[in-house]
Amino acid sequence: MSITVRAAAKINLHLGVGRAREDGFHPLDTVYQAIGIHDDLTLTAADDLGVTTHVAAHIDPAAVPDGPDNIVLRAARLLAGHAGVPATGAFEVRKDIPVAGGMAGGSADAAAALVAYDRLRDLRTSDDDLLALAAELGSDIPFSLVGGTARGTGRGEQVTPVEDPHSWWWVAVPTSDGLSTPAVYAHFDRLRPDAPVVPAPAEPVLAALATGEPLRLARALHNDLQEPAIDLRPELGDLIALGEAEGALRGMVSGSGPTVVFLCDSADGARATAAGLSGAGHGVVLTATGPVAGAHVVA
């Protein structure tokens, strides 16, 4: 018996970050979008619990955490404990989402693991319970379950779907060296000691999404972590300028980076921007549309 679940990369169309709370987390007001870059996870019944990971050519295998702290195994143990069943099963992950790239690749794998384990073991966990367990594992994981376009509040784990019937064209450029999300937040704190308690609101992006106009959305895109990410990795600013010169409507750091994503006006515009970036020497350039579904069974 086996089951395969697909989960998508996320980008943040808006990421407003407030001053750190007493628990160390930053309050967020964010708009997530799931885009068509995926990881596939297959779970097969087994007597023990383990995971094997296969990565795309643009991902360093050493960057994927292994051992008992692997988030796929943590997700399986958490759901098994919730259901009162043994944590067993052989997971196989095929990764295409950049690691430590600001696109929630680990969160996608955790969401896929929760769905796969629930379905293969016929646990029939409620959606509310799955979302609560996902929030225990990480702030982005509830969105990886929901997918589409959604607003995230709290530390990002409180997710409300946003009606978004339009298609948006993106070009993503990952880099070989990841960026630590805690390090980017810590640098945000250093650069913005006067950050407001309440994060910048997402309404401008939500209004732009409703129009379906790529230029309106491009003008509204916002990421409070872009400044600290570029300050840590100045070449990201150069990459944004290059992509915009190659025809993208707007470039920005995805989440905490270092992946940079570019919004384009059409499929042809995305292909032209990708070709320009490739011609300038960027070896890995991915094109994708959004929004797409959250973690779901494909086989």
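This is a predicted model: local features need pLDDT of at least 70, side-chain atom pairs count only at pLDDT 80 or more; totals for chains, interfaces and linings use all residues.
Which helix gives the largest share of the lining of the largest pocket?

The largest pocket has a volume of about 1,200 Å³. It is lined by 46 residues, and those closest to its centre are Ala-104, Ser-107, Asp-140, Thr-181 and Pro-182. Several elements each give two or more residues to this lining: the strands E1 (2–17), E2 (28–44), E3 (49–55) and E4 (89–95), together with the helices H1 (71–83), H2 (105–120) and H5 (181–191). Here is the reply to our opening question: H2 provides the largest share, with four residues.

The unreviewed UniProt entry puts the feature "domain: GHMP kinase N-terminal" at residues 70–148. In the model, that span is 58% helix and 9% strand, and its end C-alpha atoms are 26 Å apart.

Now for the second largest pocket, with a volume of about 150 Å³. Its lining is made up of His-58, the run Val-173, Pro-174, Thr-175 and Ser-176, then Glu-235, Leu-236 and Leu-239, and finally His-282, Gly-283 and Val-284. Helix H9 (residues 235–245) supplies the largest share here, three residues. By class, you will find five nonpolar, five polar and one charged residues around this second largest pocket.

Conventions
Residues are numbered from 1 along each chain as its sequence is written. Side-chain values use heavy atoms; hydrogens and water are left out. UniProt positions are given in the numbering used here, feature names are shortened, and annotations may be inferred rather than shown by experiment. On a 1 Å grid over the protein atoms alone, a cavity is a set of points where a 1.4 Å probe fits but cannot get out, and a pocket is an open set with protein on both sides within 12 Å along at least five of seven lines; lining residues have an atom within 4 Å of a point. Grid points are joined across faces, edges and corners, and a volume is the space filled by probe spheres set on the points. Ala, Val, Leu, Ile, Met, Phe, Trp, Tyr, Cys and Pro count as nonpolar, Asp, Glu, Lys and Arg as charged, and the others, Gly among them, as polar.
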